[in-house]
Structure formats: C-alpha cells, structure tokens
Amino acid sequence: HEPPDAALLADDDDPEKPDYLFRMAELYAEQEHYFNFKARELDEKMFAAQGAGKQAEADKFRAPQKDYEKREKDGLFAAVKQYKLIIDNAKFTNYKRMDQVLVYLAFLLTQQKREDLARPIFKRLIKDYPQSKYLPNAYLAFGEYFFENKELEKALQFYDKVLAFPQ
C-alpha cells in the first residue's frame, strides 16, 4: 500500500508542508533500509545453502531477493523525490531543517552512484549553511570525491577540514 504523495497533503503556502515532505522522505528512506536489510538477509541464506551443496534451495531465494531489491530502489527514489520537492521550492528557502534535507538528499544520491548530482547539493550546504552540524559530511564527501579521482592534494585539504570538527 503506497502512502499518499506528500506534495498533495498541503498547499505550498502551508508552513507545515516542508515538514510533511521531510517526514515522507524519512519514511521512504526507512523503507529503503528495511528492504535492503531483507535482501541482504537472503544473501546469508543463499550462501549457506550453496555452501551445503543445495543450489536448488539457494535459487529459491533469488526471486524474493529481487523483489526486495526493487522495493529498496523504489524507496530510495521516492525519498529523493520528496527531498527534492523541498529544496526545489523557493517558498521553502527558510525551512528550519534545510541543511539536514540537503545532506540527506546528497547522501541518497551518493547511494544511487549519482555523485554528479550530489556534489552541487553538498556545495550548497557548505555555501548556505556554514554553521551546520552537517558540514563535516559535505567536506568528507568532497574529500572522497577528490581521493577517488587521484587529486590527493585537494582530497587532503577537505580531509583537513573534516578534522577541524573534533566530534
């Protein structure tokens, strides 16, 4: 059963709307985590059956695992959609949890291997919310990006910024 689209729950002028969207995104993200857990749980059963030489038994887990993985992906896309509705709406610019929305959205995009879309969001977090408690996450993401691209000097600069946050 699909929950209603949070975008339909209230008018854009309703001061509660970004909170509705945020909570919907959180629910979808929880679904994504749940279905990921269920799919990985089947990995264990498949490996155990294969290890015992019971390939036919292991194969029985493939279809339910594919279903869990599809539902996981659907939850991920739905969460991204809800977060984007918040960040893309000019009426929500002053939303009190915008820094949290930005870091969560960027993290989900990174999970989807869409670092190209996540980087501008991390950049927005750094630029618009320099006092955010999520700043180290953004710096770490840039450090990882530059490290992966063999730009070690730039990576080190961002890792140093992360270390400036003792917690």
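**View 1. The buried face of helix 3 in a predicted model.** In this predicted model, the buried residues of helix 3 are Gln65, Glu72, Gly75, Leu76, Ala78, Ala79, Val80, Gln82, Tyr83, Ile86 and Ile87, where buried means under 20% relative accessible area, exposed means over 50%, and partly exposed lies in between, as judged with a 1.4 Å probe and protein chains only. Helices here are DSSP runs of H or I with at least four residues, strands are runs of E with at least two, and both are numbered from the N terminus. The cover over these buried residues of helix 3 includes helix 1 (17–51), helix 4 (98–111) and helix 5 (115–128). Helix 3 itself, residues 62–87, has 26 residues and reaches 37 Å from its first C-alpha to its last, which is close to the 38 Å expected at 1.5 Å a residue, a span worked out as 1.5 Å times one less than the number of residues. An α-helix has 3.6 residues a turn, so residues three or four places apart point the same way. Residues are numbered from 1 along each chain as its sequence is written, and side-chain values use heavy atoms, with hydrogens and water left out. Because the model is predicted, local features need pLDDT of at least 70 and side-chain atom pairs count only at pLDDT 80 or more, while totals for chains, interfaces and linings use all residues.

View 2. Val101 is found in helix 4, and Val101 counts as buried because its relative accessible area is 0%. Leaving aside its neighbours within four places in sequence, Val101 is in contact, meaning heavy atoms within 4.5 Å, with Phe22, Tyr83, Ile86, Ile87 and Tyr95. The C-alpha atoms of Val101 and Val80 are separated by 9.9 Å, although these two residues are 21 residues apart along the chain. The largest nonpolar core has 37 residues, and those with the most contacts inside it are Ile86, Met98 and Val101; such a core is a set of buried Ala, Val, Leu, Ile, Met, Phe, Trp, Tyr and Cys residues joined through side-chain atoms within 4.5 Å. Two or more residues of this core come from each of helix 1, helix 3, helix 4, helix 5, helix 6 and helix 7 (152–163), and helix 4 gives the most, with 8 residues. Apart from this core lies another, of 5 residues, among them Leu42, Met46, Ala49 and Ala58.

**View 3. Ser132 in the loop between helix 5 and helix 6.** Ser132 lies in the loop that runs between helix 5 and helix 6 (135–148), and Ser132 counts as buried because its relative accessibility is 6%. A polar contact of 2.6 Å joins the side chains of Ser132 and Asp99; a polar contact is a pair of N or O atoms within 3.5 Å, and within protein one atom must be able to donate a hydrogen and the other to accept it, with residues adjacent in sequence counted only if both atoms are side-chain atoms. The side chain of Ser132 also reaches the backbone nitrogen of Tyr134, at 2.9 Å. When neighbours within four places in sequence are left aside, Ser132 is in contact with Asp99 and Leu125.

**View 4. The setting of these close-ups in the whole protein.** The protein has 7 helices and 0 strands, and buried residues make up 38% of its 167 residues. Along its principal axes, the C-alpha trace spans about 55 × 45 × 25 Å.
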